[in-house]
Amino acid sequence: MKLQKRHIFIVGAVLAVLLALAAGLLFWGRRPFRGLEAADIASASVTLRPPDVTLELNGAEIEALAELLGDLRITWPDQSYTEYAGQAVQFTVTFADGTETEVTDYNPFLIIDGTGWRTAYAPCEALNRFANELLRERGG
């Protein structure tokens with residue numbers, strides 16, 4: 001009888017840990033660009049819609065972009081962003097290895113290479129603000 005209770009306790013503890021991990025991913029998310037550094041980025045541009053303006057980023061701006069991308073957190077896939085209206089800020093990032101990624105900030109969504117994700121609000125908002133500040137600085 002004691003062995004059976006111990007077995008049930010162990011199974012319950014394992015399930016509790018798995019549930020806690022799943023909840024952590026759901027509520028805190030994962031960071032797809034964690035560890036990204038400016039040296040990893042060969043070039044980058046941002047397109048703001050509206051007003052349909054594309055800007056090429058320079059060295060200091062790429063450094064800021066790498067930090068902002070590293071802070072982004074996604075939670076779960078969600079394609080319902082197509083039902084929203086607002087400004088989309090699309091970054092096209094070419095990495096040093098030649099690969100290219102499109103990251104679209106459409107808060108509360110982040111669209112990475114065509115897949116929509118729910119995202120943590122504050123880091124996504126910071127990325128949007130960064131793009132709009134660039135536009136303002138350049139007189140766009």
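1. Contact here means heavy atoms within 4.5 Å. The model is predicted: local features need pLDDT of at least 70, side-chain atom pairs count only at pLDDT 80 or more, and totals for chains, interfaces and linings use all residues. Residues are numbered from 1 along each chain as its sequence is written, and side-chain values use heavy atoms, with hydrogens and water left out.

2. Start with Val-103, which lies in strand β5 (residues 100-106). Helices (H or I, at least four residues) and strands (E, at least two) are DSSP runs, numbered from the N terminus. Not counting residues up to four places away in sequence, Val-103 touches Phe-33, Leu-69, Leu-72, Val-89, Gln-90, Phe-91, Leu-110 and Ile-111. Is Val-103 buried or exposed? Val-103 is buried, as its relative accessible area is 1%; buried means under 20% relative accessible area, exposed over 50%, and partly exposed in between (1.4 Å probe, protein chains only). Between the C-alpha atoms of Val-103 and Gly-114 the distance is 8.4 Å, with 11 residues separating the two in sequence.

3. The sheet is open and has seven strands, in the order β2-β1-β4-β5-β6-β7-β3, with antiparallel pairing. Two strands pair if DSSP finds at least two bridges between them. At the edges are β2 and β3 (74-77), each pairing on one side only. From one strand to the next, the twist averages 25 degrees. Axes are lines fitted to C-alpha atoms, for helices over the stretch in contact, and angles run from 0 to 180 degrees between N-to-C directions.

4. Phe-109 has Arg-118 of β7 as its bridge partner.

5. Two helices pack on this sheet. α2 touches β1, β2, β4 and β5, and its direction makes about 80 degrees with that of β1. α3 touches β1, β2, β4, β5, β6 and β7, and its direction makes about 90 degrees with that of β4.

6. The length of helix α2 (residues 59-71) can be checked. Its 13 residues should span 18 Å at 1.5 Å a residue, and its end C-alpha atoms are 19 Å apart, which agrees; the expected span is 1.5 Å times one less than the number of residues. Buried residues of α2 include Glu-61, Ile-62, Leu-65 and Leu-69. Among the elements covering the buried residues of α2 are β1 (41-49), β4 (88-95) and α3 (121-137).

7. Thr-47 sits in strand β1 and is buried, with a relative accessible area of 11%. Its side chain makes a polar contact of 2.8 Å with that of Thr-54. A polar contact is a pair of N or O atoms within 3.5 Å; within protein, one must be able to donate a hydrogen and the other to accept it, and residues adjacent in sequence count only if both atoms are side-chain atoms.

8. Which residues have the most contacts inside the largest nonpolar core? They are Ile-41, Val-46, Leu-57, Leu-65, Leu-69 and Phe-91, in a core of 29 residues. The largest share of this core, six residues, comes from α3. A second, separate core of five residues includes Tyr-81, Tyr-106, Phe-109 and Ile-111. A nonpolar core is a set of buried Ala, Val, Leu, Ile, Met, Phe, Trp, Tyr and Cys residues joined through side-chain atoms within 4.5 Å.
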